[in-house]
Amino acid sequence: MTAATVGGVFTTLNSAPSLTVFAPSGLGVREGAGRSAPVLITDPSKKAQLVSTLEYHVVEGELTKDQLPGTHKTLQGSSITITGSGDSYTINGTAKILCGGIMTKNAVVNVIDAVLHPSS
């Protein structure tokens, strides 16, 4: 079962007009960036934390490669900071974009190598 299914955020993601999603790769989810990403998915008492974490991976609007550098407010309400240029970008100094610019119906998806965690 996927995190988005467990967190119940499909409606939010599918109904938004345009988004930029930073989706952790399978390895990034398993490693959880040294945190408890797998526990958030499997423990029903952690649903609010899961939703917060999922929303922290999404920015309103479809960011182009040139628009990535800078600070962007997430759906969760906190901001992420992206640095880099060309084909090398890092989010919050830790997560690297592995593959970017994947277009979907209403979003640009960037696959990243770690799970991003909002500040508590």
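1. A starting point for the strand talk below: two strands count as paired if DSSP finds at least two bridges between them. With that in hand, look at strand 5, where the bridge partner of Thr83 is Thr90. This contact belongs to the pairing of strand 4 (residues 79–85) with strand 5 (residues 88–91), which runs in the antiparallel sense over four bridges.

2. A word on confidence before going further. This is a predicted model, and the mean pLDDT of the protein is 83, with 75% of its residues reaching 70 or more. Among the elements, strand 3 has the highest mean pLDDT, at 98. Helix 1 (residues 3–7) has the lowest, at 55, so please read that helix with the value in mind.3. Now the overall layout. Seven strands make up an open sheet, and their order is 2-1-7-6-5-4-3 with mixed pairing. The edges are taken by strand 2 (58–60) and strand 3 (70–73), each of which pairs on one side only. From one strand to the next, the twist averages 30°.

3. Strand 7 (residues 107–112) deserves a look of its own. How many of its six residues are buried? Five are, and the strand is mostly covered.

4. On one side of strand 7 lies strand 1 (residues 19–24), and the two pair in the parallel sense over six bridges. Within this pairing, Val21 has Val109 of strand 7 as its bridge partner.

5. Strand 7 also pairs with strand 6 (residues 95–103), here in the antiparallel sense and over four bridges. These two strands form a hairpin, with three residues between them. Opposite Val109 in strand 7 stands Ile102.

6. The C-alpha atom of Asp66 is separated by 9.9 Å from that of Gly84, a residue 18 positions away along the chain.

Conventions: Residues numbered from 1 in each chain as written. Predicted model: local features only at pLDDT ≥ 70, side-chain atom pairs only at ≥ 80, totals over all residues. Heavy atoms only, no water. Buried < 20%, exposed > 50% of the residue type's maximum accessible area, 1.4 Å probe, protein only. Axes fitted to C-alpha atoms, helices over the stretch in contact; angles between N-to-C directions. pLDDT = per-residue confidence, 0-100.
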